[in-house]
Amino acid sequence: MTGSYPTPTAPPPTPRRRSRALVITLALVAVVVLGLTAVGAWITVSVVRAPLNTLGAVAFDRELAIPDLAESRVEDGVRVFDLTMQEGRSDLGRGPDTPTWGINGAHLAPTLRAARGERVRVRVTNRLGEASTLHWHGMHVPARMDGGPHQMIDPGDTWTPDWRIDQPAASLWYHPHPHGQTARHVYRGLAGMFLIDDDAESALDLPRDYGIDDLPMIVQDRKFHGDGTLDASTSLFQSEGIIGDTVLVNGTPGPYVDVTTRTVRLRLLNGSNTRPYHFEFDDHREFAVIGTDGGLLPAPVSVRSLPLSPGERAEVVVAFRPGERVRLQSTPTPGGSRFAGGDDHLEIAEFRAAHHLGGVATVPDRLVAVPPIPEAAATVTRSFALGGTSINGKAMDMARIDEVITAGATEIWTVANSGDGVHNFHIHDVRFQVLDIDGGAPPPHLRGWKDTVWVPRDSTLRLIMRFGHHTDTEVPYMFHCHLLRHEDEGMMGQFLVVPPGSSTDAADYSAHTGHEH
């Protein structure tokens, strides 16, 4: 016989062999299905991030903590505050021993309060194990007192900025601003409110009894490891930053508020690193927006929902009926991103009205004058493109000045989001007004003074502002995205405000990198 050997053939299968083969095949199919299911779950959690829904799942079993009003003293006509940044342990709902940072306490900070026209001095002592800063977010203040990344406070040192308050009544806040570490320092708990009073606001019939019918509400999300420590991890490809599954208000998980007045003023602060909130009540009631970042509006604006991105504030007044219970919630944010928590449904706080209510019954029809800045008054227009983690294609450089502005100038800044992610925009020192969003008028609740604004995907905003008299040819202010990871990774720039007649060529200046004590 020539040629190759014949190919062996298998014997015909027996019934037992057929059964065994079927079992093996089914087992392999099951393994594959389970494997694909696990991979799908991993992709959903780690890559896509499934929306979070806590509606109806929060007990509301802790009374809302109200930050203390910081003690102060007057020395030679100056109001002096003493603040100490320190480590501690706190009960954030996962036991009493969550390591946290705080100011004059284990977590968060006291509320500073001063009046327009007062000179203030803040003695900030660092008892942490590393350098940090304190930035007065929304404050018109000299650059050397701003608390940005050029005013680092080393461990054991004390920094003592002082300035005269020269802006209308508003709900501001303060937080660390160390270059590349802001997200971590804020997440650990360093944040507090700074309230400014003035005669115009004081003359209005508004709720103003701090802690009773005038409530600061620092809204933040956090997540935890099994041992109760803070979890700062992020999902794969989640470039926006940390998203938590637990909402804290003034550091309180599941807070309730005992309401004793017919109206309550809420000073809402989005103090989260990343997450936008879209506030509304569970019964979809109307409430009045009376103020934005930089002060009161000309008149109350009635809304059923209100979006706030990280760093933004709003003052709202809510009316309650005797004996009712109503919950403040956050629903999916228009233009938000799942990766930033924009698709989530969240419980925020429960309000429990007493059977007999007193206090202010209505909100005034008119508040304060907010004259629009005429567009024709602007002499300079600047453009800022937000993309990735850079602005105008440049990452933050502490030694580079990006813009130079003449004191007293009126300018229009055009801010565009390239569409690759979610962003907002904050400018130090100066308040602005929103001229338009994609060519259209801003909604009524955005027609007051702002210092931080949401910039939706593929959108362009025009902001108009008039710079003040604080000048410095060495120490800059910042502009940046206030999603803190973006800021830390380079989406930030620097500008100087210089005296009239000075050069406005950025190449003529370099940033001062020393400490300003």
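1. Trp136 and Phe194 are both buried, where buried means under 20% relative accessible area, exposed over 50% and partly exposed in between (1.4 Å probe, protein chains only). In this predicted model, local features need pLDDT of at least 70 and side-chain atom pairs count only at pLDDT 80 or more, while totals for chains, interfaces and linings use all residues. Residues are numbered from 1 along each chain as its sequence is written, and side-chain values use heavy atoms, with hydrogens and water left out.

2. The protein has 20 aromatic pairs. Rings of Phe, Tyr and Trp (its six-membered ring) pair if their centres lie within 6.5 Å; planes under 30 degrees apart count as stacked, over 60 as edge-to-face and the rest as tilted. Trp136 and Phe194 are edge-to-face because their planes stand at 85°, with the ring centres 6.3 Å apart. Trp136 belongs to strand β7 (residues 135–137) and Phe194 to strand β11 (residues 192–197), so the pair ties together parts that are 58 residues apart in sequence. Helices (H or I, at least four residues) and strands (E, at least two) are DSSP runs, numbered from the N terminus.

3. Trp413 and Phe495 also form an edge-to-face aromatic pair, 5.9 Å centre to centre with 85° between the planes. This pair links distant parts of the chain, 82 residues apart: Trp413 is in strand β27 (residues 410–417) and Phe495 in strand β33 (residues 492–498). Trp413 has a relative accessible area of 0% and is therefore buried; Phe495, at 0% relative accessibility, counts as buried. One aromatic cluster is formed by Phe384, Trp413, Phe425, Phe467, Tyr477, Phe479 and Phe495.

4. Two arginine contacts with rings deserve a note. The charged end of Arg352 sits over the ring of Tyr256, 4.1 Å from its centre, and that of Arg431 sits over the ring of Trp449, 3.9 Å from its centre. The criterion is NZ of Lys or CZ of Arg within 6 Å of the ring centre and within 35 degrees of the ring normal.

5. Glu240 is located in the loop between β12 (214–222) and β13 (246–249). Its relative accessible area is 4%, so Glu240 is buried. Leaving out residues up to four places away in sequence, Glu240 touches several residues, including Thr274, Ser337, Phe339, Arg485 and His486; contact means heavy atoms within 4.5 Å. Glu240 and Gly388 are 148 residues apart in sequence and 9.8 Å apart in space, C-alpha to C-alpha.

6. Two residues other than glycine have positive phi values. Phi of Phe60 is near 50°, and this residue lies in the loop between α1 (15–48) and β1 (62–63). Phe60 counts as buried because its relative accessibility is 4%. Phi of Asp438 is near 55°; Asp438 is placed in the loop between β29 (432–437) and β30 (452–455) and, at 48% relative accessibility, counts as partly exposed.

7. The mean pLDDT (the predictor's confidence in each residue, from 0 to 100) is 91 for the protein, and 89% of its residues reach 70 or more. Over residues 1–18, pLDDT stays under 50, and the model has three contacts beyond four places in sequence for this stretch. Over residues 29–47 the pLDDT is below 50 as well, with 12 contacts in the model beyond near neighbours in sequence. Where pLDDT is low, the predicted coordinates should not be read in detail.
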